Structures are given as structure tokens and as C-alpha cells.
Amino acid sequence: MSTTFTIDTSTSRAHPTPAPMKRLTVPALRQRKINGQTAEPIVMLTAYTARMAQLLDPHCDVLLVGDSLGQVIYGLPSTIPVTLDMMCNHGAAVVRGSYHSLVIVDMPFGSYEASPAQAFENAARILRESGAAGVKLEGGEAMAETIEFLSARGIPVCAHVGLTPQAVNALGGYGARGRSQAEAEKILRDAKAVEQAGCFMLVIEGVMEDIANEVTASTSCPTIGIGASANCDGQVLVIDDMLGMFERVPRFVKRYGNAADTISTAVAQYAADVRSRAFPTTDQVYRPKK
Ligand code: KIV
């Protein structure tokens, strides 16, 4: 029997029917990869709002409150200006809107790179204020000490290597990584370092397919690909990209809908109805009860 959700509009909680589901935990997710194999690939999408979380939750294992919300929600040019307040608030909305998925929240640029202590303070704030189960941060070897520090203190960390969008200024753009031997070796070293530091999951973004395959085969924690490889232990996409909200479709995105067209068509019809006084009709106005 499929699960249906009743939305409590006063709390934004989605109540599952028939039975309450248990939220997926970090150890349970980590154990989906056994002896280097993940029998059932991990389904992950970004979510930024309670209502979207309600819709995605029954289908996903992990909801990522990505700092891509900078561009997707706030219309910013990159993830660089995203703040901790934004991540805490959207993280809390997604936790309220979900029951079953593991929710993890991106640490924004500048909130974790200075020292392990800075990272702990800000990651603890994210978990405290959002109710999420873990954080994601970008970087490989340079972040290993921080990942070890957080993991040892009860903060599960998902690492993110390859194309790391917060480093756009250093990388010079969003092009795929690992085309040269030196870059490929660096990505492999980064993946090894974050795994050894104790990350529970590893996002591999925008890398040559064979590198993603090698990292997945040699890493004990699950890998999640985005523009990486079908052999990763799971996949993630930005929800607005896969729903077709934007005209530009990055090469690694498969569109599963055309939400922008659906919205434009509906709004054009509404505007025409308002202008022609076809809306509201008697169905949508209040009249005294007879
Ligand atoms: O911010 C984000 O949305 C991400 C991914 C899509 C991996 O980091």
C-alpha cells in the first residue's frame, strides 16, 4: 500500500498514513554500502522549503538543503554570499516538511574553513536550529582535519569533492574536473583523505566518469554522484533543475518535468481571467448562508 500524507498547515508537518515512518539515520544510510556494494542506490535531491520537502520525502532517502539555494531561491550569482542564517532557516523548514528522509544541510562558504573549532561552532548551530542530522562541507585534503574533528564530536559530515562550487573563484568556473593527470590524482587523494577522516558520505561533483568509478570502488562510505557516474552509490540533483524550472540545463541534468511552462501557462490563464472578470466566479466568493 502506498503512503499518503496529510498536511497539517499550522505546523507544516506532513503526517504519513497509514503508519508513521522512522527517519533514516546516518548509521543506517552508511550501512547501505556493504563490502563496497550498495544494493539499492541512494536517492538524494535538494530541498529548500517545507512544501517541497513534503512532496519529495516519500520518494527520497536524503534531502540536501544545498547552498545552491543562493542561486535557486535568492537569485544570487553564486553560493559565495549564502549565510548561516539562510541555511539554518531553510534547513528547519525542510526538517519540518519531512518524516522519512535523512536531512543534511550545507555549511556555507566562510563558516568552516578557518579552523575545526569554527566549523564545530557553526555546524552545531545548524544542527541545533534546523534539526538536521548532519552537515555537508566542500573540500578534500584541506578539510580532513576538520571532518575528523566534527565526526569525533558527534557531527556527521558528508564531504564534497571534485567540482566544489564554493571554490569558483579559485577554479575559474564550473567546468568538469579531472581532465589532467594532476587533477585526477588530486581528486583521488581528496576522496581518500575525507574518507579516512570519517565522513559518512561523499558527494562527487563534476568529474570524469572513470575517476568517480575509481573513488566509488575504493571508498567504504557511500558516494553520491552529480555529473559523475551511474556507478556511484547514489545520485543527487538540484530539484529545480530536474523539474525544469530553469531554461539552462547543465549537461549532467536530466529533466523530469517542465515546471516553468506549467507555471507560466497557469499564471497566464489567471491573468487573463482576472482581466476579463472570469475569476472569481460564484464558486469562489462568500455569500450569506440561506
Ligand atoms: O548545493 C547543492 O545543491 C549541492 C549539490 C547539488 C551537491 O551541493
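Asp 85 and Arg 125 form a salt bridge, and their closest N and O atoms are 2.4 Å apart. A salt bridge here is a side-chain nitrogen of Lys or Arg within 4 Å of a carboxyl oxygen of Asp or Glu. Asp 85 sits in helix 4 (residues 84-96) and Arg 125 in helix 5 (residues 116-130), so the pair ties together parts 40 residues apart in sequence. Helices (H or I, at least four residues) and strands (E, at least two) are DSSP runs, numbered from the N terminus.

A word on the source. This is a predicted model, where local features need pLDDT of at least 70 and side-chain atom pairs count only at pLDDT 80 or more, while totals for chains, interfaces and linings use all residues. Residues are numbered from 1 along each chain as its sequence is written, and side-chain values use heavy atoms, with hydrogens and water left out.

Is Asp 85 buried, exposed or partly exposed? Its relative accessibility is 43%, so Asp 85 counts as partly exposed. The cut-offs: buried is under 20% relative accessible area, exposed is over 50%, partly exposed is in between (1.4 Å probe, protein chains only).

Next pair. Lys 136 and Asp 106 meet in a salt bridge at 2.8 Å, N to O. Lys 136 is in strand 8 (residues 134-138) and Asp 106 in strand 7 (residues 102-106), 30 residues apart. Both Lys 136 and Asp 106 are buried.

Now helix 8 (residues 181-197). Glu 195 and Lys 192 both lie there, three residues apart, about one turn of the helix. Their salt bridge has its closest N and O atoms 3.0 Å apart. Glu 195 is buried, at 15%. Lys 192 is partly exposed, at 34%.
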